[in-house]
Amino acid sequence: MAYVHPRFDAIRATDPEVADLVVAEAEREAGAIRLIASENYASEAVMAATGSVFTNKYSEGYAGKRYYEGQRVVDQVETLAIERAKALFGAEHANVQPYSGSPANLAVYLAFAEPGDTIMGMSLAAGGHLTHGHKVSATGKWFDAVGYGVRKETGRIDLDDVRELALEHRPKILFCGGTAVPRTIDFAGFAEIAAEVDALLVADIAHIAGLVAGGAHPSPIGHAPVVMTTTHKSLRGPRGAMILTDADHASAIDKAVFPGLQGGPHNHTTAAIAVALSEASTDEFAEYAHRIVTNARALGEVLAERGLDLVSGGTDNHLLLVDLTPTAIGGKPAAQALDRAGIVCNYNAVPFDPKPPFNPSGLRLGTPAVTSRGMGPDEMAAIGNWIVDVVEADGDDEVEQRVRNEVTDLVGSFPAPGITL
Ligand SMILES: *Cc1c(COP(=O)(O)O)cnc(C)c1O
């Protein structure tokens, strides 16, 4: 048996079909170089907490104000998660119940806007998230959404452009943060604009929460009264989300999450969030956060040296956006070729992409997961060279197979946290 999880034998005994799939996924995750910027390897402790008895308990409401009995222990675990979140990020209030990042953002809208109101966020095409008002999302259908982008010459947000749009449209909510933004978010700059147009600034730090926690990216606390984050990306916890607020915005958020949007909280996730927050408060994690950034820079340098274009010319954080517009290969075939070679990433639109979203011109690469395996700048150099080899080979079998073999050799020396092969 290839995979040993604390409860794995129980899955095998009950359901061999699912057990086989768990093994297959464990082997895939350990056997490849995972560069999907939103993914990570949760620790064994985090995974064990998600598989704990807290999955059995219903607890609609909040600690001390529940709609069911038997909450003595759940109240303690949720309070622990809240106190740890407040301490780690320096926030006045935390709600740890949102099921994931998208419903957490919906709760923000429900708390502070009415259908038909104007809201503003970074457009998906420029690196924003669907839930910041994209037209196929509920948030784009129910609100009058205005999107800001980046400057063509720099690939970066220009706050003068954001200010101009905000003054023209006067949004009720202004989102900052995104999913494909390789540069530092200027929370103070966004806060000034929000104040000028009387908008509520919401910082969506889903991607960079681990960097913020570890001091490798400035914190939005003190600039944005409402901060949303997922817990499963660079923060390296279970799949879930949190909303951090100042005291003034606390009760509106709590009411929006429950009863506004959700029923019973996922207490097993809450327990695992508490574990992840304790892990993220260590010096070791702060070092990890800084190594993520060092690794992203090292990877970017090799890609650029070998002639690939990077949106904005590089990175300040955990991710790189490669612009393949000048190359022969598109983003999707490149991502598929890399997957065959054992390097997993995603194709992504680049700003001003001449190609459609289902076959865009970019690759998004992130370093949180490989850094969790203990890889450093030397490994980033090797990976960068393999990426360029595969992209330049444009589907050549032999090159992909050669890289696949070298990848297999490399990952053998860097055990994946939480996975025993
Ligand atoms: C991932 C992400 C979300 C959504 O989180 P899910 O857990 O996938 O619903 C929201 N905003 C940003 C910026 C994200 O990166």
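Predicted model: local features only at pLDDT ≥ 70, side-chain atom pairs only at ≥ 80, totals over all residues.
**View 1. F190 and the residues around it.** Leaving aside residues up to four places away in sequence, F190 touches Y148, I157, L159, V162, L174, C176, I185 and L201 (contact means heavy atoms within 4.5 Å). Residues are numbered from 1 along each chain as its sequence is written, and side-chain values use heavy atoms, with hydrogens and water left out.

**View 2. The largest nonpolar core.** F89, L174, F190 and I205 touch the most other members of this 51-residue core. A nonpolar core is a set of buried Ala, Val, Leu, Ile, Met, Phe, Trp, Tyr and Cys residues joined through side-chain atoms within 4.5 Å; buried means under 20% relative accessible area (1.4 Å probe, protein chains only). Apart from it sits another core of 36 residues, including A337, M375, W386 and V403.

View 3. The contact draws 27 residues from domain 1 and 25 residues from domain 2. Together the domains bury about 2100 Å², 59% of it on carbon and sulfur atoms (the accessible area, 1.4 Å probe, that two parts lose on being put together, summed over both).

**View 4. The R183 and D316 pair.** These two form a salt bridge, their closest N and O atoms 2.9 Å apart (a side-chain nitrogen of Lys or Arg within 4 Å of a carboxyl oxygen of Asp or Glu).

Conventions
Buried < 20%, exposed > 50% of the residue type's maximum accessible area, 1.4 Å probe, protein only.
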